[in-house]
Amino acid sequence: MVRSLKSIAITAAGAAGLALIASPAAMAEDAESAEMTKGEKKLQKILEGRVAGEPVRCIRRFESRRQRTIDDTAYVYGSGKTLYVQRTKHPESIDDDDILVIRKFGDSRLCRLEQITTVDRFTGFFTGAVFFDDFVPYTRVEKQSEAES
């Protein structure tokens, strides 16, 4: 009898704890903070005033010369009117301390199925492989006054 009362008390306490952890307000707050990580906020600032276009499989090497790495989020290629965002298949492994090593032979484009590895910027040791997805172009939206003139 004492054992069953103990297990009921433990079960009730556990259920109460779960109710506190899984409250709708807490879940919404966790989801909001998970959605806007530090990297996502940085990417949002970079893409401010731009509109996403249709994803493309490849970008020209000229566009890929300017590359920014946003930890755990994406690689951003290009400058000027259009930026291309590459989130990769595993964005959580993106680290700005790593250098991308891209093996290209003759083609002037950077494509989604490239053979890419990463090495540590400071030690030169292999740190992983990168699997690109489609590139999403973000084009600067012209302001109303610029469009009228």
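A residue counts as buried when its relative accessible area is under 20%, as exposed when that value is over 50%, and as partly exposed in between. Keep those cut-offs in mind on this tour. The model in your viewer is predicted.

**Stop 1: arginine 112**

Select arginine 112. It sits in the loop between strand 7 (109-111) and strand 8 (116-120). Is arginine 112 buried or exposed? Its relative accessible area is 19%, so arginine 112 is buried. The cut-off for that word is under 20%.

Arginine 112 and aspartate 133 form a salt bridge, with their closest N and O atoms 3.7 Å apart. Aspartate 133 belongs to the loop between strand 9 (126-130) and strand 10 (136-140).

Aspartate 134 is partly exposed, at a relative accessible area of 24%.

**Stop 2: leucine 113**

Step one residue along and select leucine 113. This leucine is in the loop between strand 7 and strand 8. Leucine 113 counts as exposed, because its relative accessibility is 68%. Then pick valine 130. The C-alpha atoms of leucine 113 and valine 130 are 9.7 Å apart in space, and the two are 17 residues apart in sequence.

**Stop 3: arginine 87 and glutamate 40**

How many salt bridges does the model have? The count comes to 4. For another of them, select arginine 87 and glutamate 40. Their side chains meet in a salt bridge, at 2.9 Å from N to O. Arginine 87 is in the loop between strand 5 and strand 6, and glutamate 40 is in helix 3 (residues 38-46). The pair links distant parts of the chain, 47 residues apart. Arginine 87 is partly exposed, with a relative accessible area of 34%.

**Stop 4: threonine 88**

Stay in the loop between strand 5 and strand 6 and select threonine 88. Threonine 88 is buried, at a relative accessible area of 7%.

Most residues other than glycine have a negative phi. Threonine 88 has a positive phi, near 65°.

**Stop 5: the loop between strand 3 and strand 4**

Move to aspartate 72, in the loop between strand 3 (67-70) and strand 4 (74-77). What is the phi of aspartate 72 near? The value is near 55°, which is positive in a residue other than glycine. Aspartate 72 counts as partly exposed, at 48% relative accessibility.

Select threonine 73, in that loop between strand 3 and strand 4. Threonine 73 counts as buried, with 1% relative accessibility. A polar atom of the threonine 73 side chain lies 2.9 Å from the backbone oxygen of aspartate 71.

**Stop 6: a charged patch**

From aspartate 71, go to aspartate 96. The two are 25 residues apart in sequence, but 5.7 Å apart in space, C-alpha to C-alpha. Aspartate 96 is found in the loop between strand 5 and strand 6. Its relative accessible area is 31%, so aspartate 96 is partly exposed.

Aspartate 97 is in the loop between strand 5 (82-86) and strand 6 (98-102). This aspartate is partly exposed, with a relative accessible area of 32%.

Which residues gather in the patch of negative charge on the surface? Select Asp71, Asp72, Glu92, Asp96 and Asp97, then show the surface to see the patch.

Definitions and conventions
Residues are numbered from 1 along each chain as its sequence is written. This is a predicted model: local features need pLDDT of at least 70, side-chain atom pairs count only at pLDDT 80 or more; totals for chains, interfaces and linings use all residues. Side-chain values use heavy atoms; hydrogens and water are left out. Patches are made of residues with over 30% relative accessible area and no salt bridge: like charges are joined within 9 Å, nonpolar side chains (Val, Leu, Ile, Met, Phe, Trp, Tyr) within 5 Å. Accessible areas come from the Shrake-Rupley method with a 1.4 Å probe; for residues, only the protein chains shown count as cover. Lys and Arg count as positive and Asp and Glu as negative; His and the chain ends are not counted. The place of a charge is taken as NZ of Lys, CZ of Arg, CG of Asp or CD of Glu. Helices (H or I, at least four residues) and strands (E, at least two) are DSSP runs, numbered from the N terminus. Buried means under 20% relative accessible area, exposed over 50%, partly exposed in between (1.4 Å probe, protein chains only). A polar contact is a pair of N or O atoms within 3.5 Å; within protein, one must be able to donate a hydrogen and the other to accept it, and residues adjacent in sequence count only if both atoms are side-chain atoms.
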